[in-house]
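Subject: Structure handover

Hello,

Here is the structure I promised to pass on. Please open it and keep it beside this email while you read.

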Amino acid sequence: MMKREIPKQYQPEHVEPKWAAYWEEHGYFHSEPDEREAYAVVIPPPNVTGVLHMGHMLNNTIQDVLVRRARMLGLNACWVPGTDHASIATEAKVVQRLRKQGLSKRDLSRDEFLEHAWAWTEEHGGIILDQLKKLGASCDWKRTRFTLEEGLYEAVIDAFVELYDRGLIYRGRRMVNWDPAAQTALSDEEVIYREVQSKLYVVRYPVVDEAAVDGAAVDGASAFLTIATTRPETILADTAICVHPDDPRYQSWIGRKVRVPLTDRVVPVIADEYVEMEFGTGCLKITPAHDENDYMIGERHSLDVIDMLNADGTVAEVPGMSEVAAGYVGEDRFVVRKRIVKDLEEAGFLVRVEDLTNKVGYSERTDAVIEPRLSLQWFCDMEELSRPALEHVMNDDIRFFPEKFKNSYRNWMENIRDWCISRQLWWGHRIPAWYFGEGEEEYVIARSAEEALAKAREKSGNGSMVEGDLWQDEDVLDTWFSSWLWPISVFDPEFIRTGEPNRDLEYYYPTQDLVTAPEIMFFWVARMVMAGYAFAGEKPFSNVYYHGIVRDEKRRKMSKSLGNSPDPLDLIATYGADGTRVGMLFSSPAGNDLLFDEKLCEQGRNFSNKIWNAFRFLTMNLERDDVGVDPALEALWREEAGTSGVEETVSEATLGGGTTFNLADRWLIGRIAETLEGMEHDFEQFRLNEALKKIYSLIWDDFCDWYIEVSKSDEPGANMPQENLTRAFGLFEVLMKMLHPFMPFLTEEIWQQIRQRTPEDALTISKWPSISWTEASTGAGASTGLDADLVLFARLQSLVRAVRNIQAEMNLAPRQELSLVVKPASLEECQLLEEEAWVLKRLLPIASLVFDVNAEKPKASAATLIDGIEVFVPLEGLIDFDKERARLQKEIDRLQGFMSGIEKKLSNEKFVANAPAEVVEKERKKLADAKRDVSFLADQMQEFM
């Protein structure tokens with residue numbers, strides 16, 4: 001290495017783009033099947049036109065740590081990136097853009113609209129992938145996929161055709177979740193329920209005849225039934241009032257008729273056991289077109305179905321509207337709600353309005369309030385698909401981390417409903433259904449128009465039919481119907497059709513780890529498991545790690561709409577990608593939501609600077625052009641074939657007697673081994689924040705604050721001895737390997753600067769260090785094992801801290817030379833400490849040092865007890881005894897005054913009798929502590945007499 005000037009501060013803005021380009025140029029992240037064990041991960045595909053947010057930042061940082069470590073373990077790591085076409089979100093963006101151009105979707109043909117959609121995608125698509133590169137994501141960018149690309153498009157159509165042929169996809173008129181903003185059906189999983197403050201409107205329906213009716217309230221000449229509703233606008237679509245058949249209050253009502261308020265429509269009073277007699281008035285308005293339970297009741301009683309809402313959530317014209325109600329047509333449902341309440345009150349139908357807390361469903365995409373709506377849609381039967389998906393998670397063939405999420409998964413699977421897979425949109429995978437008539441069964445399912453024509457001729461018996469007689473379904477498939485195939489289709493788009501896996505699928509499937517948020521467990525994870533068993537007969541992945549949601553200090557989910565989310569790119573610009581990654585991981589306990597604090601990113605940046613300063617210090621101590629190689633250290637890390645590839649393992653022989661390693665070397669090697677073992681366990685449990693904390697402490701505390709200090713020269717201002725320096729660099733390289741998955745840019749920069757490297761020597765493809773703790777323990781230093789070395793050095797650290805505390809308490813200058821007397825508990829311990837006294841002398845300003853198991857405390861000395869070892873620091877000549885006595889007396893007087901106040905309080909019988917027991921106990925403890933301190937200070941006073 002040529003001697004050069006190292007910048008005083010780490011400069012991520014220069015380092016990060018340099019190494020990102022270098023890694024990509026050399027294809028380190030590209031994977032092809034070979035003889036190694038595969039480690040495949042598929043990215044949860046973000047929206048193609050999306051931008052990086054805090055959730056992406058956390059999710060992809062975790063994935064990158066796992067993938068980089070797997071690559072260093074010798075596995076053939078393949079992290080497949082890609083984007084999702086996001087039907088609802090993307091189409092909404094395109095519609096907004098058209099509106100700004102003075103155009104409407106209705107003004108365009110399907111092909112014209114799709115031209116605009118593709119233009120939008122090409123303009124905005126891929127931005128988020130470039131942003132992930134800035135974060136350091138080590139994806140195989142050559143394998144980037146898009147759910148609407150040709151091959152993946154065909155895979156989705158193949159899946160639809162196969163499931164239809166197996167009888168698992170059907171078309172039917174069902175009650176669906178309708179999004180009036182996007183004007184499409186949604187699956188149950190796309191509805192987010194929130195608790196809101198609502199109103200309950202109590203409304204009466206008059207009987208149509210004047211005869212008295214037993215049990216009915218009478219107002220003037222008319223009897224009436226009373227119902228309660230939170231959606232009074234749906235009264236316009238009522239087709240019955242329902243009571244329980246055994247409810248004595250309404251026996252004489254059953255079979256009679258009432259008039260629907262604000263209409264001239266007369267509807268029957270029916271009886272059904274669905275009604276709960278104890279709930280509300282015991283009467284239920286039945287609106288089959290706008291409530292799923294009402295629809296089922298309507299089916300049983302052959303009721304009319306009246307749809308009073310248009311697709312956009314405005315009120316439609318329905319039969320029997322009064323002149324007042326006719327004025328609602330074309331108005332938004334919530335505007336009509338306010339108007340109808342006023343009109344019901346003026347007409348004498350509104351009894352009262354009550355406050356109510358209830359749950360309301362909102363669209364996960366548009367945030368519009370969902371309307372139950374009867375609609376002809378395509379559905380996927382989930383009963384058969386869900387059985388193996390439940391079994392293989394519950395028996396841990398697929399493991400969940402944290403395991404607590406298995407309960408939510410099981411509950412959903414055991415109560416699963418058929419999946420509404422059709423969407424009333426144009427952007428997406430068009431449903432491969434071709435119609436040749438208006439009858440409900442006059443359609444065929446086919447991959448192409450040519451295939452559809454042949455099937456339609458056969459099904460209809462009309463051999464003269466031409467393509468012009470067919471028309472394809474206008475709807476597209478749910479976006480999740482494409483992403484549930486992701487672990488299969490990214491490797492082999494043709495597999496679902498052919499049933500024969502290509503080389504990639506055979507090698508990479510099933511993938512290993514999936515990293516995602518629990519909020520899409522049902523949207524995506526569960527469905528991928530179903531698709532894996534349905535199409536490949538095998539699980540799609542082995543482990544699922546559910547990380548938490550990024551929240552602010554008020555525990556609100558971070559979002560741009562709330563204005564509580566920092567821009568991830570701003571964080572990277574301020575703290576560097578490595579510092580930001582560290583901040584995200586520090587705040588992310590495994591499986592729990594994280595309360596993001598930008599100060600943790602600042603801590604990450606400080607860590608970067610700490611490491612850089614350590615590297616700079618070591619480099620400035622070099623007296624020659626290269627770092628050199630320590631033969632003993634080189635022998636320590638030898639390559640051996642491990643279960644996951646080539647690993648570096650401690651050589652037992654080189655740690656035996658005769659080695660040149662001193663106690664500090666053996667201690668740091670032991671701490672590295674200890675940390676590697678702990679990190680291994682953390683990685684197995686996906687506790688990445690705990691693994692990071694371990695390597696953070698190893699570098700900051702052990703290497704920077706202790707090992708470098710103890711390795712310096714005994715002569716002030718002199719360079720570190722070259723032997724120590726070479727060894728420090730060698731150990732520093734090991735630490736950079738351990739840190740690399742977490743902080744890839746900084747570690748690669750330092751790795752490349754320590755010594756000349758070829759592209760084959762890049763840190764990102766180097767081997768992960770691994771120490772056999774058993775071997776190391778049996779082969780360490782001349783008289784002790786590494787375990788004992790750890791204990792011995794830790795004891796010396798405690799002694800150093802104790803002496804430094806005395807220096808601080810006595811206001812001694814840091815470089816003031818001291819005479820120390822150390823009294824170990826045993827002769828054996830005395831011998832060990834004396835052999836390693838150089839550690840104390842290197843770290844403390846010691847004029848003389850005595851180890852003696854029979855030592856007496858010197859006169860006028862400060863003393864401390866550490867792990868059974870007494871340490872005495874004679875103070876004569878170091879401090880002014882008169883001033884010290886005065887200081888001690890002042891502190892004793894203060895404590896005695898404090899004690900007097902507490903004793904007075906405790907002597908008060910009323911206080912002791914009436915105060916909470918814990919308060920009284922706290923006062924007694926304060927008194928005991930003060931007495932102890934006074935006794936200690938009085939003993940100290942005697943030392944200076």
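First, a question to get you looking: does Ser302 count as buried or exposed, and at what relative accessibility? Ser302 counts as exposed, because its relative accessibility is 66% and the cut-off for exposed is over 50%. Find Ser302 in the loop between α7 (292–301) and α8 (323–326). Its phi is positive, near 55°, and Ser302 is not a glycine.

Before you go further, note that this is a predicted model.

**The whole chain**

The protein chain has 945 residues, and 54% of them count as buried. It holds 31 helices and 32 strands. Along the principal axes, the C-alpha atoms fill a box of roughly 115 × 85 × 50 Å. The radius of gyration is 38 Å. For a compact globule of 945 residues, the value would be near 30 Å.

**Another positive phi**

Now go to Asn811. Its phi is near 55°, again a positive value in a residue other than glycine. Asn811 sits in the loop between α26 (786–809) and β29 (818–823). Asn811 counts as exposed because its relative accessibility is 66%, over the 50% cut-off.

**Two cis peptide bonds**

The bond from Phe401 to Pro402 is cis, with omega near -10°. Pro402 belongs to the loop between β16 (399–401) and α11 (405–414).

The bond from Tyr509 to Pro510 is cis too, and its omega is near 0°. Pro510 is in the loop between α16 (503–508) and β23 (511–516).

**A charged patch**

Last stop: the surface. Which residues gather there in a patch of negative charge? They are Glu553, Asp597, Glu598 and Glu602.

Take Glu598 as your way in. Glu598 lies in helix α19, which covers residues 598–620.

**Where to start**

- Pro402, with the cis bond from Phe401.
- Pro510, with the cis bond from Tyr509.
- Glu598, in helix α19 and in the negative patch.
- Asn811, in the loop between α26 and β29.

Best wishes

Conventions. Residues numbered from 1 in each chain as written. Predicted model: local features only at pLDDT ≥ 70, side-chain atom pairs only at ≥ 80, totals over all residues. Heavy atoms only, no water. Patch = residues over 30% accessible without salt bridge, like charges linked within 9 Å, V, L, I, M, F, W, Y side chains within 5 Å. Areas by Shrake-Rupley, 256 points an atom, 1.4 Å probe, with all protein chains shown as cover. Salt bridge = Lys/Arg side-chain N within 4 Å of Asp/Glu carboxyl O. Lys, Arg positive; Asp, Glu negative; His and termini not counted. Charge placed at Lys NZ, Arg CZ, Asp CG, Glu CD. Helix = DSSP H or I, 4+ residues; strand = E, 2+ residues; numbered from the N terminus. Rg over C-alpha atoms; globule rule 2.2 N^0.38 Å. Buried < 20%, exposed > 50% of the residue type's maximum accessible area, 1.4 Å probe, protein only.
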